[in-house]
Amino acid sequence: MSNEPPGLRASHEDRDRVVDVLRVAAGDGRLSAEELDSRLESALSARTLGELAELTTDLPVPPAMKGKDLLVVEQHGGKYVREGRWSAPPRIDVRTQLCRVTFDFTHAVTTSGVLRIEADMMHGKLILVASPDIVIETDRLNLTYSKVKLRSKKSAADPRLRIELAGTLLHAKVIEKRR
């Protein structure tokens with residue numbers, strides 16, 4: 001967005017990106033509730049990229065919004081854990097052997113409504129910790145001597161985040177935990 005002329009018309013995606021930055025800033029204590037409400041209203045009614053830029057000039061840009069759209073986890077053995085407040089990119093590639101990988105999305109900051117996890121796992125576990133407003137889809141997984149254990153089969157009416165799992169699992173498990 002910063003490379004575009006400020007008079008260029010803003011898209012829904014541009015507005016959503018600014019709304020995410022504002023929510024993260026409020027969560028970090030940088031904006032009061034009143035200031036957040038005011039800026040959110042301005043962001044949702046902004047017509048140009050310049051109007052949107054004015055709303056975030058005094059705020060730091062979260063790491064996931066600096067262009068890092070991919071997290072790659074390549075590991076042989078051991079554990080890999082992402083939990084607490086972390087920036088989840090729109091795509092995660094997991095390439096592991098004999099490894100336990102845990103992603104806790106309970107307090108994760110997401111910049112997109114859809115997160116795709118591309119898995120290539122052998123002899124391991126992928127544990128996804130999610131809140132009730134997160135939907136996990138496993139239709140695109142190719143399983144060989146593997147197991148998928150989802151806690152809830154129902155999908156939320158209006159999910160905050162949809163996680164799409166794809167790829168290949170060999171002697172591996174996907175386990176969902178709800179908080």
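Colleague: In which elements of the protein is confidence lowest and highest?

Modeller: Confidence is lowest in helix α1 (residues 12-27), with a mean of 83, and highest in strand β6 (residues 125-130), at 96, where confidence means pLDDT, the predictor's own score for each residue from 0 to 100. The protein as a whole averages a pLDDT of 86, and 89% of its residues score at least 70. This is a predicted model, in which local features need pLDDT of at least 70 and side-chain atom pairs count only at pLDDT 80 or more, while totals for chains, interfaces and linings use all residues. Residues are numbered from 1 along each chain as its sequence is written, and side-chain values use heavy atoms, with hydrogens and water left out.

Colleague: What makes a stretch a helix or a strand, and how many of each are there in the protein?

Modeller: Both are DSSP runs, numbered from the N terminus: a helix is a run of H or I with at least four residues, and a strand is a run of E with at least two. By that rule the secondary structure comes to three helices and 10 strands, and from the N terminus on the elements run α-α-α-β-β-β-β-β-β-β-β-β-β.

Colleague: Why is Thr48 called buried?

Modeller: Thr48 has a relative accessible area of 18%, and buried means under 20% (exposed is over 50%, partly exposed in between, with a 1.4 Å probe and protein chains only), so Thr48 counts as buried. Thr48 is found in the loop between α2 (33-45) and α3 (49-54), and its side chain reaches the backbone nitrogen of Glu51 at 3.2 Å.

Colleague: Why is Thr102 called buried too?

Modeller: Its relative accessible area is 13%, so Thr102 also falls in the buried class. Thr102 has its place in strand β3 (residues 91-104), and, leaving aside neighbours within four places in sequence, it is in contact (heavy atoms within 4.5 Å) with Tyr80, Val81, Arg82, Ile127 and Val129.

Colleague: What makes a group of residues a nonpolar core, and how many residues has the largest one?

Modeller: A nonpolar core is a set of buried Ala, Val, Leu, Ile, Met, Phe, Trp, Tyr and Cys residues joined through side-chain atoms within 4.5 Å. The largest has 29 residues, and Phe103 and Leu128 are among those with the most contacts inside it. Strand β3 gives the most to this core, with five residues. Apart from it lies another core, of 14 residues, among them Ala10, Val19, Leu49 and Leu55.

Key. Polar contact = N/O pair within 3.5 Å; in protein donor to acceptor, adjacent residues only side chain to side chain.
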